Amino acid sequence: MRICMMEGPVDLAPEGATWEGIADRISELAPDLLVTNEMPFGPWLAALPDYDPALAAESVRIHEAGLAALAALDVPAVVSSRPVPAGGRLANEAFALQGGRYTRLHHKQYFPQEPGFFEATWFEPALAGFDVVEVGGIRLGVQLCTELMFNERARRYGRDGAELIVVPRASGASIGRWMTAGAMAALVSGCYVVSSNRAGRTADGQVFGGRAFAFQPDGELLAQSTDSESIVVIDVDPARSRTQQALYPCYVRE
């Protein structure tokens, strides 16, 4: 199975030259599954410390337009996330697109609250749970950005039969901690871990660190994006996850 991961540029629009270039490159790589970065389109709402209903509505709108752009890609399956209305705020909803069919996968549960990432102000989950679902022929679980820091969730995904953990991110300039978290998630779950991230500097000076990465089920690095290759494809074998989950440390009971 071929999986594509990417660095998504800041303030990406689901149309125009930048998007067309991304779409062309993904088509060339011919993946079975594309994993995008977290809420890939438009401005990063959580940069602002105060909730703004008009900006929230605009982010919902541009991501709805993004659904059509993602569905138009020559890719059998896409996993991404988008903001959706949830009470008086938004939920960050991970979803899959397969043949134009939308499947809700997960709502982000854990939120930072600090400069550049005032997510607890903007978001709240409208549904609970970290469920394993089949997408594009592989069993996967979702950990949206900060959720990757919670190893118990990755471990549970492995126990529940996941073969892949996808991690759409919008994380800052510091990369090392995310690489460590990705390696540990793979090691404790026995799953492949594939993560895409937002990349670049906004007009207000906020920096997103990029660095898409993939780890093998034994925790070893499989691939990562570079300055010259921001969209990368990897080959994975779900049977390797099932084999690894019978080995140390996955078999150790709590």
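**Basis.** I am working from a predicted model, in which local features need pLDDT of at least 70 and side-chain atom pairs count only at pLDDT 80 or more, while totals for chains, interfaces and linings use all residues. Residues are numbered from 1 along each chain as its sequence is written, and side-chain values use heavy atoms, with hydrogens and water left out.

**Helix H1.** I took helices (H or I, at least four residues) and strands (E, at least two) as DSSP runs, numbered from the N terminus. H1 covers residues 17-29 and spans 19 Å between its first and last C-alpha, close to the 18 Å expected at 1.5 Å a residue; the expected span is 1.5 Å times one less than the number of residues. I then listed its buried residues: Trp19, Ile22, Ala23, Ile26 and Leu29. Buried means under 20% relative accessible area, exposed over 50%, partly exposed in between (1.4 Å probe, protein chains only). Viewed down the axis of H1, the buried residues fall within an arc of 125°, so they line one face; the arc is that of the directions from the helix axis to the C-beta atoms. Ala17 and Glu28, on the other side, are exposed. The buried residues pack against S1 (2-9), S2 (33-35), H2 (53-71) and S15 (231-235).

**Cores.** I counted as a nonpolar core a set of buried Ala, Val, Leu, Ile, Met, Phe, Trp, Tyr and Cys residues joined through side-chain atoms within 4.5 Å. The largest has 24 residues, and Leu33, Leu140 and Leu164 have the most contacts inside it. S9 (138-142) gives the most to this core, with 3 residues. Another core, apart from it, has 21 residues, including Phe213 and Phe215.

**Pro217.** I found Pro217 in the loop between S13 (213-215) and S14 (221-224). Pro217 is buried, at 1% relative accessible area. Its C-alpha is 5.1 Å from that of Ala186, 31 residues apart along the chain. Its contacts (heavy atoms within 4.5 Å) beyond four places in sequence include Ala186, Tyr192 and Arg240.

**Salt bridges.** My rule was a side-chain nitrogen of Lys or Arg within 4 Å of a carboxyl oxygen of Asp or Glu, and the count came to 11. Lys108 pairs with Glu38, the closest N and O atoms being 2.9 Å apart. Lys108 is in the loop between S5 and S6 and Glu38 in that between S2 and H2, so the pair ties together parts 70 residues apart in sequence. Lys108 is buried at 0%, and Glu38 is buried at 0%.
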